[in-house]
Structures are given as C-alpha cells and as structure tokens.
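Me: I am new to this structure. Please take me closely through one part of it, step by step.

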Amino acid sequence: MATTNLMNEITIAYPNMTRAEKKVADIVLSRPQDLLHATINDLAKICNVGETSVFRFCRTLSLNGYQDFKLSLALSTSLPDCTQSKDTINLLNSSGCEDTSRRILQIYKNALDCALGSFHFDAISRTVDLILSARSTHFFGFGGSGTTANEAKNKFLKILPNIVYNSDSHIQLTQAALLGREDLAIIFCNSGITKDCIEIARICHTNNAHVVFATMFLKTPAAAYCDVILPCGANEGPMEGGSISNKMSQLLLVDILYAEVYRLLGDRALENKKKTSQVITEKMM
C-alpha cells in the first residue's frame with residue numbers, strides 16, 4: 001500500500017534489509033527527487049543490483065510492487081522538505097505542560113511557515129476569480145479535509161449566499177452530479193488519491209463545472225479533471241504531529257481565499273458581514 005512517509009519507513013526497515021536492498025535504500029534516501037520518473041530497470045542499474053532486488057526492496061516496505069513504490073515516492077517528495085522535518089519536535093521528553101505547550105506552538109509556527117512557502121499565489125488568485133464569478137461554490141472533502149471544507153463553508157457563508165458543503169459522502173457525490181458550467185467545486189484532498197475525491201472531480205469536469213483541487217500531491221490523478229491545482233497540505237508521519245501541518249496548511253489557505261474574496265467584494269462583503277453578524281448577535285443573551 002502506498003505511503004506518504006516513505007523515507008521514514010525506509011530508515012526504520014533499513015537494519016533488516018539485505019545488502020542489495022540497502023544499496024537501493026541508500027540511493028532512494030540520498031536522491032529521491034531524481035528517481036520520480038525512473039523505471040525499475042533504471043533504478044536497478046543506478047544501484048548496480050538486479051530488478052529482483054528492487055522488487056524485494058519494495059516488498060520489504062510492504063509495498064505492492066514498483067508502481068506502489070513510485071506513488072509513495074511522489075507522495076513523500078511533493079512538498080518542500082520542511083513538511084517532513086520541521087514537525088518532528090519530540091514531545092515525549094517534555095518536562096511538563098508548559099514545555100509541551102511551547103513545543104506544540106513551535107510545531108504550529110513551523111507548519112505555517114512551510115505552508116506559506118508551498119503556496120502558488122497565481123493559483124490562489126485564479127481560484128478567487130472563480131469563486132467571485134460562480135453561480136454557486138461547493139466544497140468537498142473527507143476526514144480531516146472534510147473538516148476544512150466545513151470550515152470554508154462556515155467562513156464564506158458570512159459574505160456569500162451561494163456556498164454549499166455536506167459531510168455525507170453519498171450526498172457529496174450526488175451534489176457533484178448536479179453541478180454545471182456556472183458552478184465551482186473546490187475539493188480538499190491532502191493525499192490526492194482519495195477515490196471519492198477523484199470521482200467528484202471527474203463528475204464535475206464531465207458536467208463542465210469548474211474544478212479546484214487542493215492537495216499536497218501535485219501529480220494527483222484528479223489533475224486531468226481540474227482547472228486549478230492548489231498546492232496545499234503536508235506529508236503526515238506517525239508520532240510527529242504531522243496532522244498539525246496538514247490542518248494548518250489547509251486552514252491558512254482557506255483564510256487567504258476568504259480574505260481575498262472579501263477584499264475584492266469590497267462594500268458588498270462588508271454589508272453582508274454586517275447582516276450575518278447581526279442575526280447571530282440577536283441569538284445571544
């Protein structure tokens with residue numbers, strides 16, 4: 001099965017590898033970006049081993065063959081190195097609650113710095129233009145990305161009436177089926193390979209709706225169905241607070257999109273924000 005944390009898993013498995021497998025591991029760890037387009041024959045020649053050794057290397061990592069390895073390699077090298085290293089602040093040797101709090105704060109700061117460095121601002125601007133011109137904007141996402149989609153809905157509903165999100169996976173697919181050329185789908189999918197997210201992108205594209213896909217995996221299969229790919233997210237490693245990086249990247253992106261839409265709407269946004277704030281205020285004591 002493909003993984004988003006390949007380098008860490010290679011390091012863990014390394015002591016138990018054969019000599020030939022270690023040759024492959026050494027090359028992969030030292031130059032992963034160079035191998036993204038290498039065939040199994042190419043990698044075998046680079047490592048001076050047989051193709052069988054490369055295949056065994058993949059099986060040692062519990063991968064379903066070389067293509068699974070290639071996908072894992074792409075997933076693990078899609079964003080800047082800080083997505084893999086700056087989240088690894090050790091929380092187990094914390095001296096207490098205050099120390100833990102400061103370490104968590106540092107993880108948040110690192111995550112935000114890395115997220116900002118990974119954004120493509122031209123793509124963000126194109127997405128803002130699509131939101132402003134759309135008849136309706138529909139957010140999609142599952143799991144943690146679904147939480148982000150819901151947060152985006154909550155923010156944008158304060159200044160725009162044509163915003164939709166539903167957490168149920170079947171309803172999301174149904175929702176996608178009825179979109180048309182005047183509608184916009186914004187799909188949050190950190191891994192880029194969630195089947196339902198790819199299917200939603202395909203359905204919307206088939207119906208001539210505009211599609212924006214926010215992901216850390218820029219070579220996602222969904223790219224064939226998208227008007228805009230938004231680099232966003234993080235490689236999520238176990239025991240590293242990795243989910244914080246992904247969450248912070250997505251939420252920062254949502255806030256930037258919202259702020260830009262607000263800025264360009266001008267007085268209309270201000271007036272709508274006053275209206276929506278007023279009805280909520282009336283519910284308070």
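Reply: A residue counts as buried when its relative accessible area is under 20%. This is a predicted model. Start with Tyr258. Its relative accessible area is 11%, so Tyr258 is buried. Tyr262 has 25%, so Tyr262 is partly exposed. Both tyrosines lie in helix H12, 4 residues apart, which means they are separated by about one helical turn.

Now the rings. A pair of aromatic rings is described by the distance of the centres and the angle of the planes. The whole structure holds 6 aromatic pairs. In one of them, Phe156 meets Tyr258: the centres are 5.6 Å apart and the planes stand at 80°, so this pair is edge-to-face. Phe156 belongs to helix H9 and Tyr258 to helix H12 (residues 242-265), so the pair ties together parts 102 residues apart in sequence. Phe156 is buried, as is Tyr258. Tyr258 also pairs with Tyr262. Here the centres are 6.1 Å apart and the planes make 50°, so the pair is tilted.

Five strands form an open sheet in the order S2-S1-S3-S4-S5, with parallel pairing. Strands S2 (163-164) and S5 (228-231) are at the edges with a single partner each, so one side of each has no neighbour in the sheet. Helix H9 (residues 144-156) packs on this sheet and touches S1, S2 and strand S3 (183-188). The direction of H9 makes about 155° with that of S1.

Key
Residues are numbered from 1 along each chain as its sequence is written. This is a predicted model: local features need pLDDT of at least 70, side-chain atom pairs count only at pLDDT 80 or more; totals for chains, interfaces and linings use all residues. Side-chain values use heavy atoms; hydrogens and water are left out. Two strands pair if DSSP finds at least two bridges between them. Helices (H or I, at least four residues) and strands (E, at least two) are DSSP runs, numbered from the N terminus. Contact means heavy atoms within 4.5 Å. Axes are lines fitted to C-alpha atoms, for helices over the stretch in contact, and angles run from 0 to 180 degrees between N-to-C directions. Rings of Phe, Tyr and Trp (its six-membered ring) pair if their centres lie within 6.5 Å; planes under 30 degrees apart count as stacked, over 60 as edge-to-face and the rest as tilted. Buried means under 20% relative accessible area, exposed over 50%, partly exposed in between (1.4 Å probe, protein chains only).
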